[in-house]
Structures are given as structure tokens and as C-alpha cells.
Amino acid sequence: MAEARKQSNTKPKETKSAKATAKKADSTNSFPWKVIIGIIVAAVIIAGVIFCIMHFTQNKDDNNKTEDDKTETSYTLENGKGNKLEAKYVSLDGYNYKLLAPSNFTTMSKEKVEEDYGDGEDNSSIPDLVLTNSDNTVNLALSKPENALANSQIEEYLKAMKSIFDINADVISTNTREVNGYKVAEIKLVTDYTDEDIYNHMAFFSYDGKLTVISFNCLDSMRDEWGKVGEEMINSLVINQ
């Protein structure tokens, strides 16, 4: 939904992330999703300029969550302590891709998403579905495909994203893989937020010729336990044509 440090050479149109950097968390239970999404939005804008194919869609659908509950199959995720977590598939309504998430994660309310992600004026960049644990320190965010990006451009897009994040974050790793003919790029990184570092594991792919972003985030202090869960969540991605 971890911040990039503010840079002196930041362009005017990329100040949303810098603005979010200055904000303090309301409490230990207030996860800095607005800052994280600011990074993603800034990166999307820059990479879009590189490819010259940016196309913003302002309209959002208020009813976006569907859960794959049509099967009796049991799914589990394993955390860094070796504990099994009951899981279920989640997706966005109307889109044929899904991934596993812990069953006890709850859907963040529309009002809370707008509060954590929006800037009070333009909410067009907020994710369409955010699932969170009980204290909002571990999150999974899904956004509808919006900005034009072809499947053949995923690897170049990932390189552009890494170059952007290298400026303000500690990039741990990047990789690409294929899911049912779709190239999926992943990037893991740690960003600063006041006195807390944030661990991010993001996946990008092209769906109907548009960029799709899935983001797992947790406090970096929780990475030993939750990083493996995020890995399994991202690896569970299913894309149907």
C-alpha cells in the first residue's frame, strides 16, 4: 500500500512520495501504506514516461473483492517459524488472476483505504483491494490493470523500476518468471519510514495489455516471520487467459 528518502533533485510531478515521507504514523498500529503507494505511483509515472505509453484511468469500482470459495480444497501458507496458516484465494472482481492470502486477513474498508492511500484530493492511485492482519502491520494490496504495458516490456520495465528504487531504497533482489504465458517481474526491497523500515515484495505483470501491480508489505522487523508468507503468496499467483 516504507518510504523513499526525499531527494534534492526530485521533479515537481514526483513530489507525492516526498510529501508522504514527511508524514508520521498515527500510532504503532498505523501502517504507512500512503508512503508505500506513493513510491509505486512515482515509479509507475517515471517508467511510463520511459516507455511513452502511460494512460491513466480515473474511474474506480467500489465493489472489487471476490473470493474463490467455490472449492472445498484446503490451502495453507507457511511462515518463517514453520507454522501453517490457513489460506484462501482472493482476486479482483472481473479479472482472471488470483493469489493466496491468509484466511484471517480482513478487507480494509473503502474509507480506511482512502485515508491511508489518498491525499484528500485525488484518490485515483489507491489500490482497489487491501487485505490486512489485525493490527495493520502486514498487508496485501491489489490494483486493477490501468497503465498500458505489453507483456514483452515487463523485463525492461523491471530494470527501470530497479533504477528508480535504487535511489531511495535497499533493493534486495529482482527476478522474472512465467505464469501461464505471462511474464511476471518481482522486486524485493526495504525502505525507511521514520523509525521503522518496511519490507516490500512486489509483483508486476501485463494483463490485457495493462500494467498490474500486487504488493506485499510488512514491518522489516517482522520479515523473518512474514517474508516467507509473502513469498508464498506471490508465488501462488494464478493467471488465467
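## A buried asparagine, a sheet and its salt bridges

N79 sits in the loop between β2 (75-78) and β3 (84-92). The model shown here is predicted.

Is N79 buried or exposed? N79 is buried, because its relative accessible area is 5%, and buried means under 20%. Its side chain has polar partners in the backbone. One polar atom of the N79 side chain lies 3.0 Å from the backbone nitrogen of K81. The backbone nitrogen of N83 is 2.9 Å from a polar atom of that side chain. N79 also has contacts beyond its sequence neighbours. Leaving out residues up to four places away in sequence, N79 touches L85, E225, K228 and V229.

**The sheet**

Strands of a sheet pair through backbone hydrogen bonds, either parallel or antiparallel. Which sense is found here, and in what order do the seven strands run? The pairing is antiparallel, and the order is β5-β6-β7-β11-β10-β9-β8 in an open sheet. β5 (106-107) and β8 stand at the edges. Each has a single partner strand, so one side of each is left without a neighbour in the sheet.

β8 (residues 170-179) pairs with β9 (residues 182-193) in the antiparallel sense, over nine bridges. Within this pair, R177 stands opposite V184 in β9. The two strands form a hairpin with two residues between them. In the turn, N180 has a positive phi of about 50°.

Now move along the sheet. β10 (residues 196-207) and β11 (residues 210-219) also pair in the antiparallel sense, over 10 bridges. M202 has S215 in β11 as its bridge partner.

Two helices meet these strands. Helix α4 (residues 154-168) packs on the sheet and touches β8, β9, β10 and β11. The direction of α4 makes about 5° with that of β9. Helix α5 (residues 223-235) lies across β7 (138-143), β8, β9, β10 and β11. α5 runs at about 160° to β11.

**Salt bridges**

Side chains of opposite charge can pair when their charged atoms come close. How many salt bridges does the model have? The count comes to 10 salt bridges.

| Salt bridge | N to O distance |
|---|---|
| E78 and K84 | 2.9 Å |
| E114 and K110 | 2.7 Å |
| R223 and D220 | 2.9 Å |

Where do E114 and K110 lie? Both are in helix α3 (residues 110-117). They are four residues apart, about one turn of the helix. E114 is partly exposed, with a relative accessible area of 26%. K110 is also partly exposed, at 40%.

R223 counts as partly exposed too, because its relative accessibility is 29%. Salt bridges that share partners join E78, K84 and K228 into one network.

**Putting it together**

Methods: Residues numbered from 1 in each chain as written. Predicted model: local features only at pLDDT ≥ 70, side-chain atom pairs only at ≥ 80, totals over all residues. Heavy atoms only, no water. Buried < 20%, exposed > 50% of the residue type's maximum accessible area, 1.4 Å probe, protein only. Polar contact = N/O pair within 3.5 Å; in protein donor to acceptor, adjacent residues only side chain to side chain. Contact = heavy atoms within 4.5 Å. Pairing = 2+ DSSP bridges. Salt bridge = Lys/Arg side-chain N within 4 Å of Asp/Glu carboxyl O. Axes fitted to C-alpha atoms, helices over the stretch in contact; angles between N-to-C directions.
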